[in-house]
Amino acid sequence: MRQELPMILAFIVGILMIVSFFFTSETLGEAARTVENWGVIVAAFALGLASINLIQIHAKKITRGKGLDWLYSGALLFSMIGMAVLGIAKGPTHPTYQFWFDALFVPGQATVYAMTGFFIASAAYRAFRIRNLDSAILLVSAAILMLANVPVGEKIWSQFPAMGEWLMNVPNLAGQRGMLIGAGIGGIASGIRVLLGIERTYLGGSGS
Amino acid sequence: MQISTDLGVWIAAIATIGILSFAFKDNPLYRLVENVYVGVSAGHALVLGWINIRDQGIGPLIDDGDWSLLVPIALGMLLYTRFFKKISWLSRFPLAMLVGIGTGLAIRGTIGSQIVNQIKSTILPLNSINNAIIIFGTLGVLIYFFFSREHTGPLKHVSTFGRCIMMVSFGAAFGSTVMGRMALLINRLHFLYANWLGIIR
Amino acid sequence: MTLVKGRVFTFWLLIIVVGCILYSMRRVSKGKEVSIRKIPGLDAIEEAIGRATEMGRPVHYCPGIGGISAVEAPQTFSGLAILNYVARLTARFDVPLIVTIRQPEVFPMAEETVRQAYLEEGRSDAYDPSNIRFLSSQQFAYAAAVFGIMSREKPAANLMFGAFWAEALMLAEVGAEVGAMQITGTAQLSQVPFFVASSDYTLIGEELFAAAAYLSGDSNQIGSIVGQDMAKLIVVFLIVVGVVTRSFGSTFFEELLSK
Amino acid sequence: MWEKLVNVDRRVIYGVVFLSLSIPLIWPIGFEVAVGPETKQLYDMVNNLPEGSAVIVSMDTSPGGYGELSSGAVALLNHLASRNIRVIGMGFFDTGPSLLETAFGASDFRDKEYGVDYVNLGYLAGGETAMARVARDIVGSFPRDYRGNEVSELPVMEGITSCQDIEMIISISSGTPGVPEWIRQVGDPLGIPIATVIVAVNVPNMTPYLQAGQIIGMIPSMKGAAGYESLMGTAGLGTRGMDAQSIAHLTILALVIIGNLVYLGTKDSKTSKGGAR
């Protein structure tokens, strides 16, 4: 029962979403609207789960960690609780809140992402090799597109932008569309397995 | 222009340099900044989660007396039973609801937008090389991902063509990604040079 | 209750696609024999492990850095299914197998997978639990740790199957640096280009799931794959008929699709 | 000599990239930027919107993605401001609304009146589910805006209840939920035009949607931003960044070529076994 009842719930709301979309029925439409509204509220509750996990992990690290762990974990919990208290008390557009958001969060995450710019360069030197037909096609098409993407490419050869555009809108389009349709069918297949309870890893069980 | 006197800019600059330093060596400053930003991010999620619960759930429940909203509020709270071993199975109900809605919405949208509309736009007259590449490329990729038959004979050629077309796509993705990654670095460097050091405008 | 105008064809196509998938899942689970086509990347794994044996160097395996509950869970499970196959081979060839893990909840599953594979090959004595390593739950810290391990222990084969993000680049780079033969696979399409450019063989998207289904013999998975093939055939048919009629100047077919 | 080249420290490579970006940023070259057709298309769409009509700008990104999208987002917002289009802002990433505040502040909307010319409705949890909810009912989905005002009382919302009353949806997008979800839940079923300011990684994935008309225009990463700036006759970070992009792209290409030459130089019989296909 502990498995079956949730599965039945998932099945009912899932089918409701699908049927209400294809059929003209006010009753079903209304039911679907209500369930959607509820879903948004439940999803909002889920936003707190990560912080409880973080508290569990980092409280342990503060008391039992090695080296500087106490400092890192302490800083993490302090900034989390500080932001939460400030935001709930004063609202997220309060100047102090926006200050910490802009001063710490934005540059922090933006820089972590930006670092991958360095990694791509060293991988370009060390790892990207023409070793077979696949990588040959890939690297040649990448090179053409790179030269088409930046103004200096046109200075080198006036045809690069046109080639890049063709590459993007003809062969790339075909490849992307094939993958999009294939992935769509795959997504429907795994969705159906979830709704029918054949795939239930989301319930913490392991498959059927 | 000259070096910034704004406290926020200085904090952001130290965070930026702290993280960039990881590229050269893993170091305590990197770890510290990374942990702080994970904390801020989780705190921010908490704040916005609370605002949603207040505006969508508790507000209408109290102000308009919409008692039906007790259902999602109760379900939402059940999510937290997962932290208590004995009753953790109760958290499956809200999860099942979220998964059910999400899956239903995805299925109903995918079949139209990702399949039917894509088929429609592939139905082109066979009157140019470009159209031929689009049509046969799409078919080739679909057939490449065909698993229940051995790819021999003509099937092999079609699927090889499909794989080659995909490699062009991946090349395009590769080239595009380089621009994206460099844009991210440019954004950070511009911040350091313009907003912090003030050496450019 | 009638079908909404403009969604009629879409609805029936959905019914047919779902029908194909359910039909073939049922058929396969009732014992109907189906074969999954040869996936060249899998043969390459055996070759890579053979090469490691010759060179007397270990094999590195990573089942992705995704978890077991989010959308990328199927990729993680595929990574674990392929790990089982790899562990059997390393047990047979007697090569050390290093498995590195980022997600805490994947760690016990990887440990169990490898232990079980060694047991089934009758080589429990060769199973070394200290080679299954949880490194860090932080993405880049994990990648940095793999960097260290690979530079020191110089594996002859670097096998990565599962969900990967930006760290994929770093892992593939260090693999290339130590001269490992690299075989990779992911359904994170944004990372596929980097894997292709740095690996000897790459499983793309659905191929990862098909390979895992083939190795694990899970009837639901295999049935689903066969059903998806049927759906793809229908799409191919629709495109071909549409292109032919369109080329002869008829728009009947497109109108049908828009119904 | 090959050995030395093979073993060059990766920090040297990082240094080369750093210089190839920094030098053109500090001493600009002034390359002329080209405008892509999909960017021109969006520009024309915005130009043809009736004055006073409303568009949704959805900030579907995290700070990581915003670093790449800010210049395009600001250029587009400036255009919308100059055409007196009402902007209904929202976001489906929890970081979206705060970044939207930043973007409004960096654009010409800072001189416009909040609540009359533009609004930031905030965040709605649930990803695709939330988008489906907004499609039917905007005010019901956001009873209060991000700054805490009653949304139904704001003049900017006059005549707007559902997405049907919106001329165009612009998703500033770096992942999921993003453009495919908007297409599935709003664009295709309701027939509302979708446009996007998008990170480069996702640009190739957008081509099937563009060709099918499911997206009507796009500002792809920094290149698109530079193009949009040049259409507007201004020069922001997009334009300035393209000089640095040019040099960095050449650097990466050079690294790949040198890397492959070194590989050929050091290759012996044992290294390239098994490259089937």
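Reader: Is B:Asn187 buried or exposed?
Author: In this predicted model, B:Asn187 is buried, because its relative accessible area is 12% and the cut-off for calling a residue buried is under 20%.

Reader: Which element does B:Asn187 sit in?
Author: B:Asn187 has its place in helix α6 of chain B, the helix that covers residues 154-196.

Reader: And what does the side chain of B:Asn187 reach at 2.9 Å?
Author: At that distance the side chain of B:Asn187 reaches the backbone oxygen of D:Gly67, and a polar contact of 3.3 Å also joins the side chains of B:Asn187 and B:Arg188.

Reader: Leaving aside neighbours within four places in sequence, what is B:Asn187 in contact with?
Author: With those neighbours set aside, B:Asn187 is in contact with D:Gly67, D:Ser70 and D:Leu237.

Reader: Switching to chain C, how is it divided?
Author: Chain C is divided into domain 1, made up of 2-33 + 218-257, and domain 2, which spans 40-216; the contact takes five residues from domain 1 of chain C and five residues from domain 2 of chain C.

Reader: How much area do domain 1 and domain 2 of chain C bury between them?
Author: Together they bury about 370 Å², 54% of it on carbon and sulfur atoms, while the centres of the two domains, taken over C-alpha atoms, are separated by 35 Å.

Reader: How many salt bridges does the rule find across that interface?
Author: Zero salt bridges are found between domain 1 and domain 2 of chain C, although two residue pairs are in polar contact between these domains.

Methods
Residues are numbered from 1 along each chain as its sequence is written. Chains are lettered from A and ligands numbered from 1 in the order in which they are written. This is a predicted model: local features need pLDDT of at least 70, side-chain atom pairs count only at pLDDT 80 or more; totals for chains, interfaces and linings use all residues. Side-chain values use heavy atoms; hydrogens and water are left out. Helices (H or I, at least four residues) and strands (E, at least two) are DSSP runs, numbered from the N terminus. Buried means under 20% relative accessible area, exposed over 50%, partly exposed in between (1.4 Å probe, protein chains only). A polar contact is a pair of N or O atoms within 3.5 Å; within protein, one must be able to donate a hydrogen and the other to accept it, and residues adjacent in sequence count only if both atoms are side-chain atoms. Contact means heavy atoms within 4.5 Å. Domain bounds come from an automatic or database domain assignment. Buried area is the accessible area (1.4 Å probe) that two parts lose on being put together, summed over both. A salt bridge is a side-chain nitrogen of Lys or Arg within 4 Å of a carboxyl oxygen of Asp or Glu.
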